[in-house]
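Student: I have the sequence and the coordinates open. Could we go through them question by question?

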Amino acid sequence: MKKLVTAPHGLHGSLTVPGDKSISHRAVMLGSISKGKTVIHHFLAGDDCLSTLAAFNAMGVKSERDGETVIIYGNGIDALKEPAQPLDMGNSGTTTRLLMGILAGRDFETRLFGDASLQKRPMKRVSEPLSHLGARIELTDNGTLPATIHGQKLHGTHYQMQVASAQVKSALIFAALQADTPSTIIEKLPTRNHTEIMLNQFGANIQTAADQKTIRVIPKPELTGQTIEVPGDISSAAFFLTAGAIVANSRIRLERVNLNPTRTGIITVLQKMGADLQIEALPTDGEPLGNITIATSQLKPIQIEAEDIPAVIDELPLVALLAACAAGTSSIRGAEELRVKETDRIQTVVAELRKLGVEVEELTDGMIIKGRSQWAINNDQLDSYGDHRIGMMDAIAALKADRPLQLANADAVSVSYPGFFQDLERLLGGDLA
């Protein structure tokens, strides 16, 4: 159990959050299937991204890592070798699902497995769409890991996605790159587009239509190694943006944060809720980025609908926490995707908020939250349930408590933010003017 601190005097200071998790994954993958040297700066050395790096090492890709810098020596996708052992995905759904797309077109067989949590998560949502390109992937009878990927020749397709998922879209794009003819993929709703942006940087031809949902993939590109500057992860920054808004007497600046419009849903939510927030855009040759400053705010309730979900999917636990501090009733709907994350995040968020004394109703696709400025905590024992984002949400919520709370399974935060508790301590003693 970890003791969670309170913040009676607020949080103050500047912070550079870890590199973006989604971009770090993709930088390793693209560097590994490209020819030449790829240098990745500000790489997120969290458990999930290290699983991706280890998987490509097992397929013969050489790399070096020095802190937050990773160098990958790629020889092209055709140089990937059949791994001697099944590949361990750890807890990483991103690694698993994107690798399925890459490995579906290789000329060897691969087995993937994960930890107890990952092996409960649905994978048919990826294997079934990939089958439209000719992929052959075997799962358990429950549609979960372990998976066996029988690599073979793939064919171009025209596919309408049934779920709004950047992971599924990216797997389809990676498979389509290896097909014999161009493919068209149509999203249900626009999702984060890091794969498309980075592939074009490496030399691919990925065309996104004006509707931001129709993607055309030209196969067989010549990918060349690049230098990637990974911006700060807005999903990690979101914990401190939330803390800055809900904890009295706070003022925090988050530096060099990714501001890709497909990821900034949490900023839109904060603005709609009336948060005291300023953004300073910074010059960049890659993904948009900037500095964000936030101060203690009087929040208004918010209504989140299905079309809002893709841009804020990873931050919905924090949106629920923000709503729990707003004066009035908020709702989150159309978020059934939360039920297939590291935990059933609708169920775990509701359970943790109720421990804090928040009145919250669980819906099949979200929740209704009756917020107020002060809570009557009825259970000091919080739990991450092994889910990194739930653990960090608990730690931010505990800052408002009138006494220290306890967190079970706190180690889960290392999946995406290994230094989270150290950065939190820094802000508790910070001095931003």
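Student: How far apart do the end C-alpha atoms of residues 6-424 lie?
Tutor: This is a predicted model, and UniProt, in an unreviewed entry, places the feature "domain: Enolpyruvate transferase" at residues 6-424. The span is 29% helix and 24% strand. Its end C-alpha atoms lie apart by 11 Å.

Student: Which residues does the UniProt annotation "binding site" cover, and which pocket lining takes them in?
Tutor: The annotation, again from an unreviewed entry, covers Lys21, Ser22, Arg26, Ser165, Gln167, Asp314 and Lys341. Lys21, Ser22, Arg26, Ser165, Gln167, Asp314 and Lys341 are taken in by the lining of the largest pocket.

Student: What is the volume of the largest pocket, and which residues are the closest to its centre?
Tutor: The space in the largest pocket comes to about 610 Å³. Its lining has 38 residues, and the closest to the centre are Ala164, Ser165, Ile313, Glu337 and Lys341.

Student: Which element gives the largest share of that lining?
Tutor: Two or more lining residues come from each of α1, α3 (93-103), α5 (166-176) and α11 (388-398). Lys21, which the UniProt record lists under "binding site", lies in helix α1. The largest share of the lining is 4 residues, and the element that gives it is α1.

Student: Which residues are the closest to the centre of the second largest pocket?
Tutor: The second largest pocket has about 410 Å³ of volume. Its lining divides into 10 nonpolar, 5 polar and 7 charged residues. Of the 22 residues that line the second largest pocket, the closest to the centre are Ile77, Asp78, Arg106, Lys220 and Pro221.

Student: At what angle do helix α1 and helix α6 pack?
Tutor: Helix α1 spans residues 21-33 and helix α6 residues 194-202, with their axes 10 Å apart. The crossing of α1 past α6 is right-handed. The angle is about 35°.

Student: Which residues of α6 make the contact with α1?
Tutor: From α1, the contact uses Ser22, Ile23, Arg26, Ala27, Leu30 and Gly31. The residues of the contact divide into 6 nonpolar, 4 polar and 1 charged. On the α6 side they are His194, Thr195, Met198, Leu199 and Phe202.

Student: Where is Pro146 placed, and what is omega at the cis peptide bond that joins Leu145 and Pro146?
Tutor: Pro146 sits in the loop between β8 (136-138) and β9 (147-150). For the cis peptide bond between Leu145 and Pro146, omega is about 0°.

Student: What is phi of Gln212?
Tutor: Gln212 belongs to the loop between β12 (206-208) and β13 (214-217). Its phi is positive, in a residue other than glycine, with a value near 65°.

Conventions
Residues numbered from 1 in each chain as written. Predicted model: local features only at pLDDT ≥ 70, side-chain atom pairs only at ≥ 80, totals over all residues. Heavy atoms only, no water. Axes fitted to C-alpha atoms, helices over the stretch in contact; angles between N-to-C directions. Left-handed = near helix turned anticlockwise from the far one by under 90°. Contact = heavy atoms within 4.5 Å. Nonpolar A, V, L, I, M, F, W, Y, C, P; charged D, E, K, R; others polar. 1 Å grid on protein atoms, 1.4 Å probe; cavity = no way out; pocket = protein on both sides within 12 Å on 5 of 7 lines; lining within 4 Å. Points joined across faces, edges and corners; volume = space filled by probe spheres on them. UniProt positions renumbered as here; feature names shortened; annotations may be inferred.
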